[in-house]
Amino acid sequence: MALDSQAKKVFKQVGTRPRRPDGVDKVTGRAMYGADATAPGMLFARVLRSPHAHAVIKSIDASAALAQKGVKAVVTSADFGVPEDLFIRDVQDNCMARGKVLYDGHAVAAVAAVSDAVAKQALKLIKVDYQVLPHVTDVDEAMKPGAPVVQQGRTEENVGPGFSENVTTYCEFGHGDLVAGFAKADRILERSFKTAATHQGYIEPHACLASVTSDGKADLWCCTQGQFHVRNVCAEIMGMESSQLRVTASEIGGGFGGKTTVFIEPVALALSRKTGRPVKMVMSREEVFRATGPTVSSSMDVKIGMTRDGRITAAEAHLRYQGGAFPTGTVTMGGQSAFAAYDLEAVRTYGWNVMTNRPKEAAYRAPGAPMAIYAVESVVDEFCQHFGLDPLDVRLMNAAKKGTRSSYGPTFDAIGLIATLEAAKAHPHYTAPLGPNQGRGLSCGFWFNFGGNTCVTLNVNSDGTIGVTEGNPDIGGSRASISLMAAEELGIPYDKVRTIVADTNSIGYNDITDGSRVTFSVGLATIQSARNAIKVMCARAAKIWGIDEDAVIWEDGAAKPSGPNAGDFEPMTLAEIAAVSAETGGPIAGHHEVNADGAGVSFGVHLADVEVDPETGATKVLRYTVFQDAGRAVHPDYVEGQMQGGAAQGIGWALNEEYIYGKDGRLQNAGFLDYRVPVASDLPNIDTVILEIPNPGHPYGVRGVGETPIVPPLAALSNAVSRAVGVRMHELPMSPPKLLKAMNGKG
Amino acid sequence: MSLKITGIGLVNMQYARPETAAEASKLLAEARGATRVLAGGTDVLVQLKAGMVEPDLIVDIKKIDGIRSITQEDGGYRVGAAVSGAELGEHAGVVALWPGVVEGFELIGSTQVQGRATMAGNLCNGSPAADSVPGMVAAQAIARIQGPAGTRDCPVADIPVSPGKISLAKGEIITSIFLPARPNHASDAYLRFIPRTEMDIAVASAAVSLVLDGAGVCTSARVALGAVAPTVVLVRGAADCLVGTKLEDSALAALSDACSAACNPIDDKRGTVEFRTQVAGVLAKRAARIAYDRAGGR
């Protein structure tokens, strides 16, 4: 859907900050999260997980567990088939190891029992005979010929020779003549970087309640970012028809991409089918860390050529991402996004996806982009230091704009990068004085955003209120934004609209809540649903007035005759039309179904001030400002919340968060004590500046905003640290032991 | 009060809540299998939940008469073994006399944890990174212990043996910790390094207790380091660097070097040998400056 032509449209609802619809439930503890679902006769399930990073399962003996009073069933991979579809097979094998365990924490069996305590005890009675195999967790080690092979036969044809079988896919993006480009440079920098795997760190662990009945129907309640995805995957694994498996998404305690996949649901369904009872399964925090997806860890080489006045003449990057024990495609997005902020004549990225003995990577806010852009933005910053150039001026000089052929192929339409950079330059933060051991860093960030399959129903209730039914779990305020857009379009107050997220049998298919797609796509479908409902309401008014449908227009929440020739009738409000709907043809509703495109990319720029303790290497973030193009900020509180939340997660990634593996291949910090996300007192207030450069692909100009803000903090902090202490780090996180060591090395 | 908690099949745990220390000691002495003493529970309950321990008997000591009180004694304070961090932090007398001990204890966990956590529990957990222990060792605190044969006093410094292990015998519990009197112009301070600002465990830590004369010259000092060896380390050589000085830069540099030299840490997920060794010296230097200021040295 194109941007509405009335470009100067005055919004009455969009852009306001009404109270959030989920706030009362969440602060009073009433919200129903995944673990809150219960059913009569419910059993409790627990999962036995591998203590080894890589091992053959020689045998599993569950007889002692099954003999235990209160234990109702045990399932292993033997209780599942072998799906033909490789994607489905990987999901299933990740939920329950088949033949081999591929990482520390990989599920090998599950128990359903009358209580959680009995289930927990029963796990100890299951005997698993393992033959331990050599393992590999580092991406560079895993790529070497001769490395322990995680899974055989998964390498695609375009991966060249010289690698182990762990390298599954290869990709390449870019255009122009690199050799000629580098020849024009006054200086060429080649630098290598590494980033650690980080977890999404949502507060709510995965949880579900599965109930399979003897006539082959099933209900599944779970916390997920996509109930339709869960349904499709589970139906295929269970050999069910989609209509017979109804999946209801609970309220969600954070997702950030990590709840776009399936970890426990098929196991709970299998246990429920085996026992004939509802089965509840809740992961512990340790299980979340060991067996759900963190993001990839990476190893990267960046080469950039620049003239002494700051023009980039050529750029290339080699990206190696490990995504755990199954093939993933994340490096593709790294390769596409690495140089997206720049208008380049010669650019190339090369990417390899690699398997290791780690949990399968899951999406995490702009998956693949933060690490690649961190590497690029670090090198650009080093050039600025070397040539003595202003880092914002250099980015402005090279910035992508409307008409730029992007480094990944498409030509950009209207984008907000230059406006965002200029806003950063004009902001008082950029010129505020700094003290000793303090430094200021900045970085650009980018994310594609996504549209996708979307389906919305808008019901006009007879009392003049509106129910919007949509199918995307609300992880960032989408219900409020959708209600605002419905209210805007219908011309009624926000509080007359309630938006709910429906189960898979109550509305048509919706893609997962991902790609920052919901406010864009569901918003677009809501606007169109409202317009369809308006058409119906105008027709009803025409019927009452006895005039032609085309002679009725909708203005300020009411149907009106289009002009004097149409007739002289008092406007009929939405409530008045709704009240008599039974007499004019029945209930009134609007629907819209679409596979939306035109999502519109989003750029951001972050400014970070840090102070480094010269004696301990501790980095304190003193001041932080996020500048981002939101296209149109529908509910600015939520837009700012996304910008702040992404920045907070990116700061954690830059400073302390990492998956730490021992020599035995086991995860050493499977808890929030030693997996160090920032706590509130670690962060300054994160200031936000929203830019609004309308997206040509949305009637109101909306762009997704959820992912871009996690991208810039990595380089912004590394660049700030470099300027504070004169040491450039090439590895994340910049935890105090690593930074102090580097500072000592400087002498 | 004693109650048996049984589940179906395997779960079988006894819980007792005696009202005298002698009774608590007797229960523990006579128990077969694994036992745990429950005061605040901020370690025990976490260990239970994580499946790290499955005790046959839990003895809750919070109902023991006097165990939750702070009393003045010989110019110092006797702190009951079940006094929480929140209670100690609000006791003006202890805060004035031993601010370093209190600040170390108050760094543990969150506000919620502070409402439950106890110094005696922190000591008996046996962690070399325990935040309240370096301060107590620097303060020459004395633990009073109830055993099957009666009570005895033992310096806090002699309680930890190795990570997770303490010197108490079967049936012994700590009932109170005594923080002694001190002269005028004396104070203490505790600092730890964590990568965050709170909710974390010390990567290295240092407590410094000083006595000054009227002219601001240090007449005696005690320096204790945490998380840099299997137990808290009392560094006599470091303390010697301060005695006779006004904590000039050269004295502090010598203190820092002596502390680093006394470190015998490990590499682990929380920090490296190199980092802990270097930072322990930095923390000791900074804690000494704070203690000196508190003692009226400036």
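How many residue pairs are in polar contact across the interface of domain 1 of chain A and domain 2 of chain A? The rule finds five, with both residues of each pair at pLDDT 80 or more. The views below show this interface in a predicted model.

**View 1. Chain A is assigned three domains.** Domain 1 is made of the segments 34–133, 205–252 and 259–291. Taken over C-alpha atoms, the centres of domain 1 of chain A and domain 2 of chain A lie 37 Å apart.

**View 2. Domain 1 of chain A meets domain 2 of chain A.** On the domain 1 side, 18 residues are in contact. They face 19 residues of domain 2 of chain A. Together the two domains bury about 1600 Å². Carbon and sulfur atoms account for 64% of that area.

**View 3. A salt bridge joins the side chains of A:Arg666 and A:Asp104.** The N to O distance is 3.6 Å. Between domain 1 of chain A and domain 2 of chain A, the count is one salt bridge.

View 4. α9(A) gives the most, with six residues. By class, this side of domain 1 of chain A has seven nonpolar, five polar and six charged residues.

Terms used: Residues numbered from 1 in each chain as written. Chains lettered and ligands numbered in written order. Predicted model: local features only at pLDDT ≥ 70, side-chain atom pairs only at ≥ 80, totals over all residues. Heavy atoms only, no water. Domains from an automatic or database assignment. Contact = heavy atoms within 4.5 Å. Buried area = accessible area lost by both parts, 1.4 Å probe. Salt bridge = Lys/Arg side-chain N within 4 Å of Asp/Glu carboxyl O. Polar contact = N/O pair within 3.5 Å; in protein donor to acceptor, adjacent residues only side chain to side chain. Helix = DSSP H or I, 4+ residues; strand = E, 2+ residues; numbered from the N terminus. Nonpolar A, V, L, I, M, F, W, Y, C, P; charged D, E, K, R; others polar.
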